[in-house]
Structures are given as C-alpha cells and as structure tokens.
Amino acid sequence: MVKKILVSQPQPTSEKSPYYDIEKEYGVKCVFRPFFKVEGLSAKEFRKQRINILDYSAIVFTSRHAIDHFFTLAKEMRITIPEDMKYFCVLETIALYIQKYVQYRKRKVFFGTSGKIADLVPLMVKHKTEKYLVPMSSVHNDDLKNLLDAKKLKHTECVMYRTVSNDMTEEEVKTFDYDMIIFFSPTGVKALQKNVPHFEQGDIKIGAFGPATCKAVEAEGFRLDLKAPDADNPSMTGALKAYLKKNKK
C-alpha cells in the first residue's frame, strides 16, 4: 500500500498543484525533496571562459535556471544589459519568466512552441545576423552547438551554472521510510545511491519521468513500477493518479 511518496522535485509554489489533489483523493502524503540543486558560477569562475556578454546581440535561454544565472552574473559583474538585446527561448513560459528581470517587449523576445531547441532554430535563422550567446549547465552535450553550426549561425556556448548534489542529513537517511520514490532525471537516481548507499528497494515502488530517467532506474538494477509519460498520461501527476487508482482497486 502506497501511503508516503518521495517526489524528488522542489515543493510546488502553487496551492493548485495536482499533487495536492492526489493527496486528498488517495489519502497519501507527498514529500518534496530534490536530490540535487542548481547553483550559479561566480563572476571569477565565469571570467575564466574569457567571454564578454556585451559582444553578443542575442541570448538563447533553454530554462529558467539559465535566465536566473545570466542576469545574476550580469549584475555581479556590473554589466548593464542593452535595451535592444534579443532573447530566444525554447518555450513561451520561459520567455515570460524574463519579466522578472527586464521589461518584456515582444519585438525582442522570441520563443518556440515545443520546448525543443530544434524548433527554435528556424526562428533564429530568420535573425541570422545576430551573435548568439547560449548560457548552459556544466553538464551538457554538443547537440545544440551542432544544430547551430549546421545553420551557420554565429554562436558561443558558455557555462553559467552547475548541478550539485543536495545531500540528505543523517536524520533524513535514518528516517527514510517511503513507500514510493519518484525520479525526474538520471542525476536524481545517482544521487539516491550516493545519499542512501545501502538502499534496498524491496517493496518500495519506483516511478520515473522520461525515457532517460527510466533507463537510469533500470541500469541501477531497480524495479521500475511507474513509467511516465505514457499514451494516456503526458504528466507524472496524471500517471501517478492512474497508478494509485488502479492499485486502490
């Protein structure tokens, strides 16, 4: 019986999160505990890459983390971002997040519809005279670079933030008593092994979101009880709800 679920993500900021509906409907308790956190590079670390932000006329954002750390670094380095700087984002929700730092003007903010960089590239090609700067995590592959190279766009990738383990306290490890753990990235799966080295799955159910995370769970020799997304449920909350409903019967 699933009663206590560890969701390896930050606590939802909205009271309307589907997780809270699931708690009420199925009498479960969701504990939000990310296994890793994102931290920005310091100005000193960033300067080692010998990149001058003001040499670029457009910034490509693939996540909110990238936005936060770009503007934080600019502030720390006392750089005033020009009014005419253009921003290219993989999704509208990410584009709207820019409002936290600068006035949002449609003529300088562009966004894709699918969240995939490949769908943003045609928009960037329409602005092929721009010099693009792409803030990235310390862990990344060359897919984005290769895509932009193929379109002969002027671009530079730079590291502005990194993922670090958000280690559990001794007390948390001692009282680790979950009936289910939900992972959202391969990094999270590895972090569990690091935090709870003697972890044995036993009756604990494991859920994973995304093919790479599912693969990581199985690669560690764990049993995967809940996979998302699936044909009926594009979200983890939808898949979790369906799983709890089925098991209640």
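**A walk through the fold**

Start with residues 24-237: their end C-alpha atoms lie 13 Å apart, and the span is 33% helix and 24% strand. Helices (H or I, at least four residues) and strands (E, at least two) are DSSP runs, numbered from the N terminus. UniProt lists that span, in an unreviewed entry, as "domain: Tetrapyrrole biosynthesis uroporphyrinogen III synthase". UniProt positions follow the numbering used here, feature names are shortened, and annotations may be inferred rather than shown by experiment.

Some ground rules. This is a predicted model, so local features need pLDDT of at least 70 and side-chain atom pairs count only at pLDDT 80 or more, while totals for chains, interfaces and linings use all residues. Residues are numbered from 1 along each chain as its sequence is written, and side-chain values use heavy atoms, with hydrogens and water left out.

Now the domains. Domain 1 takes 4-35 + 167-247, and domain 2 takes 39-164. Those bounds come from an automatic or database domain assignment. Over C-alpha atoms, the two centres are 31 Å apart.

Next, an open sheet. What is the order of its 5 strands? Reading across, we get β2-β1-β9-β10-β11, with parallel pairing. Two strands pair if DSSP finds at least two bridges between them. β2 (29-32) and β11 (226-228) are the edge strands, each pairing on one side only. From one strand to the next, the twist averages 15 degrees. Axes here are lines fitted to C-alpha atoms, for helices over the stretch in contact, and angles run from 0 to 180 degrees between N-to-C directions.

Look at the β11 end. β10 (residues 205-209) pairs with β11 over 3 bridges, in the parallel sense. G207 sits opposite L226 in β11.

Two helices to note. Helix α1 (residues 18-26) packs on the sheet and touches β1 (4-7) and β2, at about 150 degrees to β2. Contact means heavy atoms within 4.5 Å. Helix α9 (residues 211-219) lies across β9 (180-183), β10 and β11, at about 145 degrees to β10.

Last stop, β7 (residues 131-137). Is this strand mostly covered or mostly uncovered? Mostly covered: 6 of its 7 residues are buried. Buried means under 20% relative accessible area, with a 1.4 Å probe and protein chains only. β4 (residues 58-61) pairs with β7 in the parallel sense over 2 bridges. There, I59 has L133 as its bridge partner. β8 (residues 154-165) also runs parallel to β7, joined by 7 bridges. Y132 stands opposite H155 in β8.

How values were computed
Buried means under 20% relative accessible area, exposed over 50%, partly exposed in between (1.4 Å probe, protein chains only).
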